[in-house]
2 protein chains.
Amino acid sequence: MNSTRDIDALIEMMAKLPGLGPRSARRAVLHLIRKRELLLMPLADQMQRVAATARECENCGNVGTTELCDICTAEKRANGQICVVEDVADLWAMERSQVFKGRYHVLGGTLSALDQIGPEQLRIPKLIDRIDTEQITEVILAVGATVDGQTTAHYIADQLEGRVRLTSLAQGVPIGGELDYLDDGTITAALNARKDI
Amino acid sequence: MNSTRDIDALIEMMAKLPGLGPRSARRAVLHLIRKRELLLMPLADQMQRVAATARECENCGNVGTTELCDICTAEKRANGQICVVEDVADLWAMERSQVFKGRYHVLGGTLSALDQIGPEQLRIPKLIDRIDTEQITEVILAVGATVDGQTTAHYIADQLEGRVRLTSLAQGVPIGGELDYLDDGTITAALNARKDI
């Protein structure tokens with residue numbers, strides 16, 4: 001099977017992407033080969049380009065192609081507020097909502113004793129540096145409501161206590177959510193945080 | 001957003017692949033960027049390589065990197081039998097079962113009046129050529145049990161009638177299938193084709 005070795009290798013690599021398996025990788029690769037000029041060649045070029053230029057922002061950990069990312073260098077964004085997220089996907093999710101106008105800090109994961117991930121692995125020292133150098137007044141801890149996420153939030157809160165205002169995202173019923181489908185924890189949180197109308 | 005333009009473009013391209021959408025494309029691209037040396041660079045290179053070399057076999061329409069594919073040139077495979085499939089994915093599925101040892105012919109789709117796909121678009125003339133040049137004695141029509149697939153099978157059968165033995169895949173209960181979950185058509189086909197034990 002010499003003649004298909006390259007194609008097989010490509011399928012194998014694609015199959016390792018999150019969300020793809022062997023079957024969908026085969027489908028995707030066949031689709032790409034069928035539309036070689038329209039899809040495969042541009043995609044290969046674009047991947048080359050990103051592979052050559054993608055890098056983490058030195059300041060916040062966001063991905064981009066420059067030493068400092070667009071958000072860190074944007075003059076129009078508010079200073080003084082940092083939103084701390086676990087990873088870049090969370091930063092993108094926040095940005096899609098277009099409501100936060102401050103700066104970000106991407107931890108790159110959560111503290112985890114099991115996986116031996118401590119503060120040093122998580123860009124937490126850099127966050128503490130930034131509090132002073134950027135005159136931060138509020139840190140919004142937008143980490144996941146998981147055990148590891150909350151452990152991380154507590155650790156950061158301990159480190160920064162008394163130096164800045166610390167906030168976290170509100171917990172409650174998601175917009176469009178039906179009570180019937182919500183877990184008990186969310187309902188409890190929403191009830192405890194109930195508001196006057 | 002200049003610094004992420006290349007990354008955004010890559011996500012947009014990945015999102016167009018079958019089986020991926022915007023969300024899974026974002027996840028895949030972030031995963032690739034995070035493992036740049038281990039995953040992104042090799043994948044980009046491999047894609048480049050396939051884009052440069054992938055081509056259809058001149059004889060049967062299978063994909064490969066040579067003028068004639070491995071199956072058409074394999075000396076160990078039996079001559080005289082051609083298995084006609086709709087596309088390369090079907091050929092791969094047949095090959096995975098490792099039971100057919102003859103040659104293939106990939107139509108590249110099915111006849112479709114609506115989409116203006118006639119015999120000329122489907123490599124059917126080439127199939128008819130091969131009957132003579134390769135001294136074919138049996139044509140196995142392994143096309144889908146869909147309306148278009150069956151129309152295509154009938155058309156090919158008409159063209160080849162009397163010149164070769166024409167067969168089609170058996171229809172019936174899939175291995176591991178439960179009757180309860182099968183559609184009426186399949187049960188009818190399986191009952192009509194029942195066998196003595």
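Me: How many nonpolar, polar and charged residues are in the lining of the largest pocket?
Reply: This is a predicted model, in which local features need pLDDT of at least 70, side-chain atom pairs count only at pLDDT 80 or more, and totals for chains, interfaces and linings use all residues. Residues are numbered from 1 along each chain as its sequence is written, chains are lettered from A and ligands numbered from 1 in the order in which they are written, and side-chain values use heavy atoms, with hydrogens and water left out. Ala, Val, Leu, Ile, Met, Phe, Trp, Tyr, Cys and Pro count as nonpolar, Asp, Glu, Lys and Arg as charged, and the others, Gly among them, as polar. By these classes the lining has 9 nonpolar, 7 polar and no charged residues.

Me: Which element gives the most to the lining of the largest pocket?
Reply: A pocket is an open set of points on a 1 Å grid over the protein atoms alone, where a 1.4 Å probe fits, with protein on both sides within 12 Å along at least five of seven lines; lining residues have an atom within 4 Å of a point. The largest one is lined by 16 residues, and Ala145(B), Leu169(B), Ala170(B), Gln171(B) and Gly172(B) lie nearest its centre. Two or more lining residues come from each of helix H7 (147–160) and strand S6 (165–168) of chain B, helices (H or I, at least four residues) and strands (E, at least two) being DSSP runs numbered from the N terminus. With 3 residues, the element that gives the most is H7(B).

Me: Which residues of H2(B) are buried?
Reply: Helix H2 (residues 22–34) of chain B has 13 residues and reaches 18 Å from its first C-alpha to its last. Its buried residues (under 20% relative accessible area; exposed is over 50%, partly exposed in between, with a 1.4 Å probe and protein chains only) are covered by parts of both chains, including helix H5 (88–97) of chain A and helix H1 (5–15) of chain B. The buried residues are Ser24(B), Ala25(B), Arg26(B), Ala28(B), Val29(B), Leu30(B), Leu32(B) and Ile33(B).

Me: Which residues does Glu67(B) touch, not counting residues up to four places away in sequence?
Reply: Glu67(B) is in the loop between strand S2 (63–64) and helix H4 (70–73) of chain B, and counts as partly exposed because its relative accessibility is 48%. Its C-alpha is separated by 7.5 Å from that of Arg55(B), 12 residues apart along the chain. Contact means heavy atoms within 4.5 Å. On that basis, Glu67(B) touches Arg55(B), Glu56(B), Cys57(B) and Glu58(B).

Me: Is Gln135(A) buried or exposed?
Reply: Gln135(A) lies in the loop between helix H6 (124–133) and strand S5 (138–141) of chain A. Its phi is positive, about 45 degrees, although it is not a glycine. Most residues other than glycine have a negative phi. Given its relative accessible area of 61%, Gln135(A) is exposed.

Technical notes: Expected span 1.5 Å × (residues − 1).
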